[in-house]
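User: I would like to learn how to read a few local features in a protein model. Can we work through them one at a time?

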Amino acid sequence: PATIHSREPHAPFALRYVSPNVEQLLGFDPVELTQDPQVLEDCLHPEDREPLARSRPDILRDDVLRLEFRLRMPQGGYRWVLEQSRLVRDAEGQPLEVIGYWTDITERKRFEAELSAFNQELEQRVEAKTRSVLQSERLAQATLDAMSARVVMLDGRGHIVATNRAWRDFAGGRSARQAGNYLEYCERGDPERGLPALPALVVAM
């Protein structure tokens, strides 16, 4: 449900009318809201007062306005409220009144907060997992590099997935990746360059 309201078309944009269902929706007396503008102001969350005061005059420029803010309920606690308004002008284009509505969006805000917290936790877990994988890869590479034997690790198709420092030093800068299938490269060598096949300790993956 939505509560309809109208306001003066100039600062401080005092309420002229609030529909009776505001009492059911937000717990406020509609007559009290129109007779005493300070009632609503006093119920605004402290963090929302300045942004609202700064944004409300924008309707005179844009003819429409969308605001989200928190209101302290008469029975206690805060509720999130969405306000959408439109400026009504006369035939000469002069502002006549602001007409809009309020609706309770507390549940939507709660869902957004929970979703944001979930996404943040997921990002942290992914980041932690990535760090763990990188650390594992660095440890594995350091272990390989510490070995004096020349080691080449291949995938199931015979392509290189890792080498150690001893093999790279022995290869003298040659890249066995350029040879395609390393097992075939080892078998045939490189006759055109006069290079023999590169011996290696092959670790099955």
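User: Is Val151 buried or exposed, and why?

Analyst: Buried means under 20% relative accessible area, exposed means over 50%, and partly exposed is in between, with a 1.4 Å probe and protein chains only. Val151 has 0% relative accessibility, so Val151 counts as buried. Keep in mind that this is a predicted model: local features need pLDDT of at least 70, side-chain atom pairs count only at pLDDT 80 or more, and totals for chains, interfaces and linings use all residues. Residues are numbered from 1 along each chain as its sequence is written, and side-chain values use heavy atoms, with hydrogens and water left out.

User: Where does Val151 lie?

Analyst: Helices (H or I, at least four residues) and strands (E, at least two) are DSSP runs, numbered from the N terminus. Val151 lies in strand β6, residues 151-154. Val151 and Met153 point one way, Val152 and Leu154 the other way. All four names are buried.

User: Which strand is joined to β6?

Analyst: Two strands pair if DSSP finds at least two bridges between them. Here 3 bridges join β6 to β7 (residues 160-163), and the strands run antiparallel. Val152 stands opposite Thr163 in β7. The hairpin has 5 residues between the strands, and Gly158 takes a positive phi near 90° there. Val151 and Arg165 are 14 residues apart in sequence, and their C-alpha atoms are 8.4 Å apart in space.

User: Which residues other than glycine have a positive phi?

Analyst: Phe13 is one of them, with phi near 60°. Phe13 sits in the loop between β1 and β2 and is buried, at 4% relative accessible area. Asp63 is another, with phi near 70°. Asp63 lies in the loop between α5 (59-62) and β3 (64-72). At 25% relative accessibility, Asp63 is partly exposed.

User: Where is the cis peptide bond at Pro12?

Analyst: Read omega. The cis bond joins Ala11 and Pro12, with omega about 5°. Pro12 is in the loop between β1 (2-7) and β2 (15-18).

User: What does the side chain of Glu83 make a polar contact with?

Analyst: A polar contact is a pair of N or O atoms within 3.5 Å; within protein, one must be able to donate a hydrogen and the other to accept it, and residues adjacent in sequence count only if both atoms are side-chain atoms. The Glu83 side chain makes one with the side chain of Ser85, at 3.2 Å. Glu83 is in strand β4 (residues 78-89) and is buried, at 1% relative accessibility. Contact means heavy atoms within 4.5 Å. Leaving aside neighbours within four places in sequence, Glu83 is in contact with residues including His5, Arg7, Arg56 and Trp102.
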